[in-house]
Amino acid sequence: MPDSVTRRRTWSLPRQPGLVLSAVLLAAVLLAAVAPGVFTGQDPITGVPAERLRAPSPAHLFGTDETGRDVFARVVHGASLSLRATVLAVLVALVAGAAIGLLAGFRGGWLDAVVMRVVDVLQAVPAILLSLAVVTALGFGTTNVAIAVGVSNLAAFARLMRAEVLRVRSSVFVESARASGVRWPGVLARHVLPNAAGPVLVLATLTFGTAVLEVSALSFLGFGATPPTPEWGALVAGGRNFLATAWWMTTLPGLTVAAVVLATNRLSRALDGERSELR
Amino acid sequence: MTAVIRRLAQAIVVLWAAFTLSFVILYLLPGDAVLTKLGSADGGINASPEQIAQVRAEYGVDDPVLVQYGKRLWAALHGDFGRSIATGDDATHQVLSALPPTLAVSGFALVLAVVFGGGIAVLGTYTRARWLSHLLLSLPPLGISLPSFWVGLLLIQVFSFQLGLLPALGSTGFASLVLPSVTLALPTGAIIGQVLAKSLRTQLAQPYVEIVRAKGASRRRVHFGHALRNAALPALTLVGVVAGNLLAGSVITETVFSRDGVGRVTAAAVSVQDIPVVQAVIVLAAFFFVTLNLVVDLLYPVLDPRLARVPGELTRRERSHA
């Protein structure tokens, strides 16, 4: 068996094209979210009835749906809403989770014990069920779905942040900062946060892929955007009634989601790997 | 024995906490299920203030929060989560009666996930052909990245509409079980494969493997007789997570394949904001998680005699790793 160094080298080299491809795809999706007009000139909301249910062709890359709307245009225009929901979900998880973990790790004692038990429970309930509960309480819509997905992912952030705070807290430089008279808020801002930021941000990129999946799953179930608005999960759901006759309506938007998740996971694994090699 | 009792007490606390959490989320967050009920059933806007007051009293939402909580907790201890706001049926009954078809799919999916996920991990770490190892070990991350609703629809397209082999929808007969189970098994099997492969690689790097090999044991014997036995134990801590995944995944698969079951009930309940039913499902999920983890924890010392002295120690550490 070869030692780990050579194995890593043989691992990473043939996979670099994948990394490049992932970066290109994500850049394209980001561009689509900001300026969909770059990719398509077709209207995502009103279709051309004469061109309904056309198979993919150069004129309609992803084909057309039952009212003659260009599916590619809907996927491109859906990027904005889907990505915004995903970013909001990750932000909710990151900010709320990190705040909880910071508080628990920093205060310690009974507060830590109680907060971490709550986090345990958050992890005992499967993510989808937890976010469904939040959606039940808050109501439907893309924003609520995003918040729900954020809540269902915050436990991991709380855990990680707490562990980082505990690690940094007991370090020599914090001790010396304390000894030289820096107050706790100063220690937090100057020492704890910068040191914890790296791993927490890596977790954020890892969560991004999960969030894309969960947001699209909830919108597939019909709890996200209302019909005419294009959103990835809802697009797949919209093609369900045409499975037998128009495969492109479900397959191609779903493929987009899968590709985006794969690309984010690939990128975040690269980031994660770089970090652990630097350590 | 005291360890068992302590572990049991912990499990009960987690269950209570899950109830409390779901109460906080469902009953305390803004959103008015009573208005939703009047909106859906009685023509909504026309409901008179008296009607609203009557329904509110019926569901006990006018009591102070702590009183509501106490009442609901007491009822939940007796297996009563209230009446479904949508149908008026007993929520617990509604969820439990939907359980058998979900368990059938989940059970089959679990078998598929263990066989294929485990098989991929074992073969991927066993084979000497590097390309095969790469191929096999890159499958789990792929499996986790695919949206399961999309996989389900693809399977329907290929196996029902193109090839005509299996039924696309419905919940009758074994044939209807196959596609949903495969869909449900994919993410679960991917997790099992990932964890087992990692665990196997850790074990194969241990000094004892070196010794066994030096004593002249064959590759197969080292892999299956020693490394796999040790690697399988940490993978057992996944059981709770896997069960939760199967239950949660059924929300998607049962919707995609139009099957009856807990997932369908859950999706329907969420779409009409039927709080009692959603709460019953969440507590049920937590119950599965807690019970299975309890069983695994108690089985651990039996499976691994080294742990008989300090039960629970390793499992807790392992869990924080996962």
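Predicted model: local features only at pLDDT ≥ 70, side-chain atom pairs only at ≥ 80, totals over all residues.
**Stop 1: the annotated spans of chain A.** Move on to 145–161 of chain A. Here the chain is 100% helix and 0% strand, with end C-alpha atoms 24 Å apart.

**Stop 2: Val261(A).** Select helix H9 of chain A, residues 248–278, and pick out Val261(A) within it. Is Val261(A) buried or exposed? Val261(A) is buried, because 22 other C-beta atoms lie within 10 Å; the cut-off for buried is 20 or more. Show its contacts beyond four places in sequence: Gly209(A), Val212(A), Leu213(A) and, from the other chain, Ser145(B).

**Stop 3: the contact between the chains.** Select both sides. Chain A brings 39 residues and chain B brings 40. On the chain B side, colour H1 (2–28), H8 (139–145), H9 (148–162), H13 (239–256), H14 (262–271) and H15 (275–303); each supplies at least two residues. Which helix gives the most to this side? H15(B) does, with eight residues. Colour the chain B side by residue type: 30 are nonpolar, ten are polar and none is charged.

**Stop 4: chain B as a whole.** Switch to a cartoon of chain B. Its secondary structure consists of 16 helices and zero strands. Of its 322 residues, 42% count as buried. Consider contacts in chain B with a separation of 6 or more: 72% of them join residues 24 or more positions apart.

**Stop 5: H14(B).** Zoom in on H14(B). Why is this helix largely enclosed by the rest of the structure? Seven of its ten residues are buried. Select them: Val262(B), Gly263(B), Arg264(B), Val265(B), Thr266(B), Ala269(B) and Val270(B). Next, show what they pack against. Chain A contributes helix H4 (127–138). Chain B contributes H5 (91–97), H6 (99–126), H13 and H15.

**Last stop: Gln273(B).** Step past the end of H14(B) to Gln273(B). Check its backbone: phi is positive, near 50°.

Notes: Residues numbered from 1 in each chain as written. Chains lettered and ligands numbered in written order. Helix = DSSP H or I, 4+ residues; strand = E, 2+ residues; numbered from the N terminus. Buried ≥ 20, exposed ≤ 12 C-beta atoms within 10 Å, placed from the backbone. Contact = placed C-beta atoms within 7 Å. Nonpolar A, V, L, I, M, F, W, Y, C, P; charged D, E, K, R; others polar.
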